[in-house]
Amino acid sequence: MKDYLALTCEEVQKLDREKTVLVSVISPIETHGKHLPFGTDVFIAQRVMEETCKYLEKDHEVVKLFEIPLGSDAQPVFGSIWLKYRTFKNLVLEVGYSLAKMGFKYWIVFDNHGGPRHQLALAEVSTKLKKKFGFNLIVPFLHIFQEMLNDSPEIGIPAGMNGDVRDLHAGTNETSLMMYVRPEMVRTKNLPRYFPTKRTVLGNLLRFLKTESLAVTVDWINDSENPYYLGDPSLSDAERGRKMVEYHVKRTLELFEVAKRGNYTPPKLFNRTVKLLLKLVQ
């Protein structure tokens, strides 16, 4: 894997545009309970990128871009750092413009953050870059997160432990991932299951609009007893984390093949009403 920052202008010009795959990690700094570090999403995405590139390098020139430890909709609690939706969207879009204008065709972004406006921004940038330049911004986690929410049997991990609506943040799934990826950074896993018990007015509106994951998130962040995680860290284990990393790698390689055939599009995340609400409420 080559490091973009270490290359010269001449070396970049010589890269075969058909065979070159740009990769980078884009995920925010975010509070993950008292048991996982701020960089949890970044560390997980880094490992998935490393494992994926072992396969990509067999047939492609892989170039690692700079890391962007930023994003939108991080947990709104002490320690988190995030950008507004439009700021984040423009940041990624302008990087994409630069890459597309240089003639590159593929940029895989590795991520592990399910913030709604974070994902919406990445999906919209992907669509815009494809329409304007034929450039493929591939964001596997957009697809994987939807599969997690829908308890896809392909993941091979039981519901409630795979990052679904009952395990949205720093619960069984993310703690298992960190136990596999960076075990020395897991302070403890002996924490009880947490799920919000009180429903908010906005949460009920989002349920009416058929967006249960957003409804649960709103109820959770408005709970005065919110422990900054949602799920059951006590059930986590490194083997489950390994399986999830393998699934991320598998899906990334599948989506890259789709992009090479010219058919990659990001998933449709929300209906028009929910999109409008997300953009109005900052």
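Me: Which is D219, buried or exposed?
Reply: D219 has a relative accessible area of 3%, and under 20% is buried, over 50% exposed, in between partly exposed (1.4 Å probe, protein chains only). The model is predicted: local features need pLDDT of at least 70, side-chain atom pairs count only at pLDDT 80 or more, and totals for chains, interfaces and linings use all residues. Residues are numbered from 1 along each chain as its sequence is written; side-chain values use heavy atoms, without hydrogens and water. At 3%, D219 is buried.

Me: Which residue does the side chain of D219 meet in a salt bridge?
Reply: A salt bridge needs a side-chain nitrogen of Lys or Arg within 4 Å of a carboxyl oxygen of Asp or Glu. D219 lies in helix α8 (212–221) and its partner in α7 (201–208), so the pair ties together parts 12 residues apart in sequence. At 2.6 Å, N to O, it is R207.

Me: Which residues join E254 in a network of salt bridges?
Reply: E254 is partly exposed, at 33%. Its N to O distance to K250 is 3.0 Å, and its closest N and O atoms with R251 are 2.8 Å apart. K250 is partly exposed at 37%, whereas R251 is buried at 14%. The network links E254 with E147, K250 and R251.

Me: At what angle do helix α6 and α9 pack?
Reply: Helices (H or I, at least four residues) and strands (E, at least two) are DSSP runs, numbered from the N terminus. Here the axes of α6 (172–181) and α9 lie 7 Å apart. The two helices are roughly perpendicular, because their angle falls within 65 to 115 degrees. The angle is about 90°.

Me: How many nonpolar residues does the contact of α6 with α9 have?
Reply: Contact means heavy atoms within 4.5 Å. Among the residues that meet are L177 and Y180 in α6, and M244 and V245 in α9. By class, four are polar and two charged; the nonpolar residues number seven.

Me: Which strands stand at the edges of the sheet?
Reply: Five strands form an open, parallel sheet in the order β1-β3-β2-β4-β5; strands pair if DSSP finds at least two bridges between them. Each edge strand has a single partner, so one side is left without a neighbour in the sheet. The edges are β1 and β5.

Me: Which residue in β4 does L22 stand opposite?
Reply: Strands β2 (20–25) and β4 (106–110) run parallel. Four bridges join them. Opposite L22 stands W107.

Conventions: Axes are lines fitted to C-alpha atoms, for helices over the stretch in contact, and angles run from 0 to 180 degrees between N-to-C directions. Angles under 35 degrees count as roughly parallel, over 145 as roughly antiparallel, 65 to 115 as roughly perpendicular and the rest as oblique. Ala, Val, Leu, Ile, Met, Phe, Trp, Tyr, Cys and Pro count as nonpolar, Asp, Glu, Lys and Arg as charged, and the others, Gly among them, as polar.
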